[in-house]
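Look over the sequence and the structure first.

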Amino acid sequence: MIRKCAGIVLIGLALSAHAQAEQAAPPAGEQVASPALQEINALGEVAMQTGLQAIQESGGLYPFAIIGRTDDQTQLVGYQGDPALRPPAEEWGEALFLRLREMAAGDDTIKVAALVRLHNVPAKEEGEPPIPGLWVLVDHRDERAWVLFMPFLPNKETGKRTPGEVIYYATDQPLFPTGD
């Protein structure tokens, strides 16, 4: 299913069986994640894998989003139009973030959403180049928003960058409206 909306295309997307499957029971003594947190984890994983696949296939990534609905349908949200006329990635990422907020506020069937883009983090050492990585904001209507960041670290053996460990942190920039 494809729907166009103000330069944005919504494409029906089937999640992998792994992402749709409920998490297995945790080992004894561990807490069970709420259903909302399980959905955040599943969509975050799908978003991260989709972003990595796009980078592998094309060598880059133009910001996109994935939304999950209450009927368990999932949609890929991205730019639709003439590639020569598309805005710079940073500008499009900001516009997509605002559009997702608007969609989440006006459509109660959206329960979870992820925004995916490339991002540079300043290096620890002054004068060193920033560290690029894959940045994913995942938010749920019933849970706090999270950011997942996978840095692409220099590999001295190959001279290329390789994916590092994913860093997770809560954020105060939600996609869904808050009671404030």
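**The second largest pocket**

The lining of the second largest pocket divides into 10 nonpolar, 4 polar and 3 charged residues. Here Ala, Val, Leu, Ile, Met, Phe, Trp, Tyr, Cys and Pro count as nonpolar, Asp, Glu, Lys and Arg as charged, and the others, Gly among them, as polar. This is a predicted model: local features need pLDDT of at least 70, side-chain atom pairs count only at pLDDT 80 or more, and totals for chains, interfaces and linings use all residues. Residues are numbered from 1 along each chain as its sequence is written, and side-chain values use heavy atoms, with hydrogens and water left out.

- A pocket is an open set of points on a 1 Å grid over the protein atoms alone, where a 1.4 Å probe fits, with protein on both sides within 12 Å along at least five of seven lines; lining residues have an atom within 4 Å of a point.
- 17 residues line the pocket, and Gly93, Glu94, Arg117, His119 and Trp135 lie nearest its centre.
- α3 gives the most to this lining, with 5 residues.

**Strand β3**

- Strands (E, at least two residues) and helices (H or I, at least four) are DSSP runs, numbered from the N terminus.
- Strand β3 (residues 64-69) is largely enclosed by the rest of the structure, because 6 of its 6 residues are buried (under 20% relative accessible area, 1.4 Å probe, protein chains only).
- Two strands pair if DSSP finds at least two bridges between them.
- β3 runs antiparallel to β5, joined by 6 bridges, and Phe64 stands opposite Val116 in β5.
- β3 also pairs with β4 (residues 74-79) in the antiparallel sense over 4 bridges.

Key
Buried means under 20% relative accessible area, exposed over 50%, partly exposed in between (1.4 Å probe, protein chains only).
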